[in-house]
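Here are my notes, as promised, for when you have the coordinates open. I've kept them to points you can check by clicking on residues.

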Amino acid sequence: MTSVLLVEDDAIMGESICDRFALENIDYEWVQSAIAALSRMKQRKFDCLVSDIRLPDLSGEMMFERVRENGSLDYPAIFITGYGTCLLYTSPSPRDRQKS
């Protein structure tokens, strides 16, 4: 069974996404902060990360960079936002840069 870590601070959005995961029979855990997500990713291996970009403690981008830097993210990450515009970029991880 697929396992997903959902990082979403908005209760209504989080509940809605969790309802969908349940309908699709997806095993999920929901946390409401980047710090909680980082802690949980150390404790359990997930198949996918779904994260809000704007979180109360760290941005989703900062959380993603921390996980990539330590090499522990070897599964897909999907970022979501309720904001109308969002400027993000992707850059190679330190591990990817070493391969070049």
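1. Overall layout. Keep in mind that this is a predicted model. The protein has four helices and four strands, and from the N terminus they run β-α-β-α-β-α-β-α. Of the 100 residues, 35% count as buried. The accessible surface comes to about 6,400 Å², with 52% of that belonging to carbon and sulfur atoms. If you look at contacts with a separation of 6 or more, 67% of them come from residues 24 or more positions apart.

2. In soluble globular proteins, nonpolar side chains tend to be buried together. Here the largest nonpolar core has 16 residues, and the ones with the most contacts inside it are Leu5, Val7, Ala37, Met41 and Met63. Which elements give two or more residues to this core? They are β1 (3–7), α2 (34–43) and α3 (60–69). Of these, α2 gives the most, with four residues.

3. Val7 and the second core. Leaving out residues up to four places away in sequence, Val7 touches Val31, Ser33, Ala34, Ala37, Leu49, Val50, Ser51, Asp52, Leu55 and Met63. There is also a second, separate core of seven residues, which includes Leu6, Ile17, Cys18 and Val50.

4. Asp52 is found in strand β3 (residues 48–52). Asp52 is buried yet has no salt bridge. How far away is the nearest side chain of opposite charge? That is Arg54, at 7.1 Å, whereas the cut-off for a salt bridge is 4 Å between side-chain nitrogen and carboxyl oxygen. What the Asp52 side chain does reach is the backbone nitrogen of Arg54, at 3.3 Å. Beyond residues up to four places away in sequence, Asp52 touches Val7, Glu8, Asp9, Gly60, Phe79, Ile80 and Thr81.

5. Helix α3. The buried residues in α3 include Gly60, Met63, Phe64, Glu65, Val67 and Arg68. Two of these names come up elsewhere in this note: Met63 is listed among the residues with the most contacts inside the main core, and Gly60 is touched by Asp52. α3 is followed by Gly71, which has a positive phi, near 75°.

6. Asn25. Most residues other than glycine have a negative phi, and most peptide bonds are trans. Asn25 is not a glycine, but its phi is positive, about 60°. Where does Asn25 sit? Its place is in the loop between α1 (11–23) and β2 (27–31). Asn25 is exposed, with a relative accessible area of 54%.

7. Lys42. This residue is found in helix α2, and Lys42 is exposed, with a relative accessible area of 74%.

8. Salt bridges, part one. Side chains of opposite charge can pair when their charged atoms come close. The structure holds five salt bridges. One of them joins Glu24 and Arg20, at 2.5 Å from N to O. Both partners are partly exposed: Glu24 has a relative accessible area of 44% and Arg20 one of 48%.

9. Salt bridges, part two. Arg40 pairs with Glu29, their closest N and O atoms being 2.5 Å apart. Arg40 lies in helix α2 and Glu29 in strand β2, so this pair ties together parts that are 11 residues apart in sequence. Arg40 counts as partly exposed, at 21% relative accessibility. Asp27, Glu29, Arg40 and Arg44 are linked in a network of salt bridges.

10. Salt bridges, part three. Asp74 and Lys45 form a salt bridge too, with 2.6 Å between the closest N and O atoms. Asp74 lies in the loop between α3 and β4 (77–80) and Lys45 in the loop between α2 and β3, so the pair ties together parts that are 29 residues apart in sequence. Are these two buried or exposed? Both Asp74 and Lys45 are exposed.

Methods
Residues are numbered from 1 along each chain as its sequence is written. This is a predicted model: local features need pLDDT of at least 70, side-chain atom pairs count only at pLDDT 80 or more; totals for chains, interfaces and linings use all residues. Side-chain values use heavy atoms; hydrogens and water are left out. Buried means under 20% relative accessible area, exposed over 50%, partly exposed in between (1.4 Å probe, protein chains only). Contact means heavy atoms within 4.5 Å. Accessible areas come from the Shrake-Rupley method with a 1.4 Å probe; for residues, only the protein chains shown count as cover. A nonpolar core is a set of buried Ala, Val, Leu, Ile, Met, Phe, Trp, Tyr and Cys residues joined through side-chain atoms within 4.5 Å. Lys and Arg count as positive and Asp and Glu as negative; His and the chain ends are not counted. A polar contact is a pair of N or O atoms within 3.5 Å; within protein, one must be able to donate a hydrogen and the other to accept it, and residues adjacent in sequence count only if both atoms are side-chain atoms.
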